[in-house]
Each structure stands twice: as C-alpha cells, then as structure tokens.
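Please open the model in a viewer and follow the stops below in order.

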Amino acid sequence: MTEHDFLAAELALGLLEGEELLAARGLLASDPAFAALVADWEARLAPLLDEIGPETPPANLWSRVLTQLDTPPTADAEVIALRQNVRRWQWTAGLSALAASLLAILTLPPLFAPKPPPAVPLVAVFTLPSTQARLGVTYLPERGDLLVSAVGLAGDGVHDHELWLVPPDGKTISLGIVTPDQARRVRLRADLAAQLRNGATLALTREPLGGSQGRPAGPVVATTKFFST
Amino acid sequence: MTTRDDLAAAMQRIAAGDRAALEFVYRATSAKLFGICLRITGNRSEAEDALQDVYVSLWNTAGRFDPARASAVSWLAVFARNRAIDRLRRRRRVDQSAPLEAAAEVADARPLADATLLAGEERARVHGCLEQLDEPQRGAIRTAFFDGLTYAELAERRDVPLGTAKSWIRRGLARLKACLEA
C-alpha cells in the first residue's frame with residue numbers, strides 16, 4: 001500500500017485528528033486521485049455497517065428535518081446558502097440572473113449586513129510541470145491558518161519556491177516560502193486573510209534562496225485558484 | 001419493496017431539489033441510518049441530532065452521490081457514520097471528561113434480519129477478511145470503525161503508545177486490502 005492509500009484508509013476510518021486531518025481533508029478536496037482512494041476505502045468498509053441493526057427513530061424526526069430545512073438559517077449559514085443559490089442561478093439563467101442575485105445579496109436586510117468571513121475552507125492545488133509533485137494549499141478561515149503541503153516537492157538547494165497571492169490589481173503579496181517535502185502551517189495576518197476568497201489567484205515562483213520581498217523576482221512555475229469546499 | 005435503483009433515482013431527484021424524493025429516501029433508510037448513528041454516538045438524543053443532520057445535509061449534498069461508485073444505501077450508511085462521528089468529536093471536544101468507554105457499550109452484533117440493505121457488495125468478503133486478521137490488528141480496526149476512535153483515543157483506550165496503535169491499524173489495513181483483492 002502507498003502512503004496515500006494508508007492516509008485514505010485512515011481518513012475513511014476517522015483515525016486522524018489535528019493537522020494530519022486537515023492536511024488529508026485538503027488533499028481530499030484538491031486531489032481527485034486521492035478522493036477516489038478514500039471513496040474506495042469507504043466502499044470497502046461500508047458492508048461492515050450491516051452488522052448494526054436498524055433502530056426506529058422517533059416519529060417526530062422527519063418533521064424535525066422539515067422544520068430545519070424550512071427555518072431561515074443563521075446569518076453565517078445564510079451567506080453560504082445564498083452563495084449556493086448564486087451558483088444555481090448562474091447555471092440556469094446565465095449572467096443577467098447572476099447579476100440580479102448579486103443585487104439580492106447586496107439588498108439583504110441589515111441583519112446580515114456585516115458579512116461574516118467565509119466559514120468554508122478554501123483549497124487550491126498546484127500541478128507542477130515536469131514532476132509528479134502537487135502542492136496543496138488549504139485556508140482555514142475559522143483560525144486564519146494557511147496549510148501548505150509540499151510533500152513530494154524536492155528542493156534544489158539553490159532556489160526556494162515562494163507562494164503568492166495575486167489580487168485583481170496585480171500587486172502580488174507573498175504568502176511565504178514553501179518548505180520542500182513538508183506540510184507547513186502559518187497563521188495569516190488578518191488583512192491578508194481578508195483578501196483570500198473563492199476564485200482568488202495564487203502563483204508559485206522560483207526565487208533565490210530566502211525568497212523575494214514585495215514582488216516575485218523569479219519565474220512563475222505555476223498558477224492556480226482557490227475554490228471553496 | 002424499495003429497490004436499489006429506486007433509491008439511486010431518488011437521490012438524483014433530491015439533488016434536483018425534489019422534497020418528496022427526500023421523504024422517500026427518509027422512509028426507506030432512516031431506521032438503518034438511525035441504528036448507525038446510535039451505535040457510533042452511543043447516546044439516543046445525540047443519535048437523533050445526528051440523524052437530523054444526515055437528512056438536512058443530504059438535501060444539499062445528494063449531488064455528490066455517484067451511482068457508479070457505490071449503491072445509494074451504502075453511500076448513505078457511510079455518510080451517516082461520518083456525520084455521527086462529527087457529532088461525537090464535537091461532544092468530546094466540549095466535554096473532554098466524557099469517558100470514551102461510554103460509546104462502547106452498545107452491542108456490536110445484532111441479527112442481520114432486516115439490515116441487509118448493503119447486500120450484494122461483497123459483504124461476506126470484508127467480514128471474512130477482517131475475521132482473518134490477528135489480534136490486536138482486528139480489534140483495533142473494529143474499534144476504530146464502530147466506536148469512531150482516533151489514533152490517539154485508540155492508544156489511550158488500549159494503553160499503548162500512539163505509534164503502536166498506528167502500526168496495528170496500518171498492518172491490519174494492508175492485510176485487509178490484500179485479502180479483499182486476492
């Protein structure tokens with residue numbers, strides 16, 4: 001079994017916690033091959049659940065489900081739900097409907113006015129040309145932590161890889177040096193964290209050892225985008 | 001009698017926003033899934049909350065079900081186990097003093113009489129392969145699976161170092177996979 005296969009089984013079983021769990025979940029969201037391994041293990045183990053006999057749930061449980069589905073969720077959940085609606089409208093009715101739905105969000109009652117930060121993690125994955133390595137980046141909004149997994153990425157001893165956020169204005173912001181072959185976790189400054197969102201562009205550059213400040217000096221190795229999980 | 005195809009079709013209708021399909025799936029699977037929630041959480045009111053979670057979140061995530069990969073009921077059973085484990089973890093974080101053993105008191109084996117929804121998926125095979133493992137690997141995997149324990153919790157319960165618990169599980173998993181693929 002490969003290390004990823006073990007990790008997939010451990011995730012499926014629920015054995016992981018802490019950073020290992022976060023890294024595995026990031027991989028799950030960003031790496032389809034790993035997600036397939038997890039699904040395989042879940043399918044392998046699922047028949048064991050047949051050992052557990054059925055139990056009749058209380059009669060009112062279905063109405064509890066309905067009530068919760070019909071209850072306006074809390075502000076936080078509301079924003080997520082709206083985002084899902086936006087996605088749906090986008091698909092069905094194209095851009096004009098999207099514009100309308102964005103307007104709907106902007107004109108929400110003031111209850112939801114101070115928009116909470118996104119509660120869902122953001123995930124990005126870099127596929128590096130000419131190697132098998134993938135670089136996984138997971139942002140955990142609850143804690144403002146950025147998890148960078150560079151397992152399989154080798155350093156050449158002369159260069160460092162540096163991770164950048166590329167805002168719409170093009171003024172790159174360094175998110176730090178990537179440590180080869182390690183999963184690393186950094187706490188982001190609040191002003192930086194505020195710029196991370198679904199669709200935000202990330203770039204990976206090759207820099208002199210120690211990296212560059214302010215703007216990348218070396219060539220761009222790969223770019224990718226954050227998506228919400 | 002609900003067939004696997006009926007369920008799979010209903011899952012697709014849920015993904016399309018069909019409330020009646022959600023009720024159909026609830027009627028067909030809630031007893032099976034409640035058994036799972038009860039077994040994992042070891043607590044009736046917690047299990048009820050977990051079951052509620054399952055169907056509320058199914059409303060939004062049924063689209064992730066891929067009929068090419070698993071049967072609907074198998075997918076739902078795993079989904080319910082994962083939701084129940086989420087609840088269990090949240091509770092343990094809130095109440096660190098809760099003895100882990102509390103979750104272990106519900107009996108493992110029950111008659112399969114009405115619980116064979118997963119039939120046809122090499123049920124006997126994974127059971128047989130698991131039975132072939134030696135102790136402590138077999139027991140470690142079973143405990144992790146049915147009690148929703150993490151490595152750290154498993155190590156604590158068995159009073160062994162973390163690395164030992166990890167190597168039990170990993171050795172067991174490797175043999176389990178080899179047996180399933182044999």
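Which residue stands opposite A:S149 in strand 6 of chain A? Select A:A183, which holds that position. This is a predicted model, in which local features need pLDDT of at least 70, side-chain atom pairs count only at pLDDT 80 or more, and totals for chains, interfaces and linings use all residues. Residues are numbered from 1 along each chain as its sequence is written, chains are lettered from A and ligands numbered from 1 in the order written, and side-chain values use heavy atoms, without hydrogens and water.

Next, select strand 3 (residues 145-149) of chain A, which pairs with strand 6 in the antiparallel sense over five bridges. Strands are DSSP runs (E, at least two residues) and helices likewise (H or I, at least four); two strands pair if DSSP finds at least two bridges between them.

Turn now to the interface. Chain B gives 64 residues to the contact and chain A gives 44, contact meaning heavy atoms within 4.5 Å. Display A:D50 and B:K32: they form a salt bridge, with the closest N and O atoms 3.1 Å apart.

Finally, select helix 2 (19-41) of chain B, which supplies the largest share of the side of chain B that touches chain A, 13 residues.

Terms used: A salt bridge is a side-chain nitrogen of Lys or Arg within 4 Å of a carboxyl oxygen of Asp or Glu.
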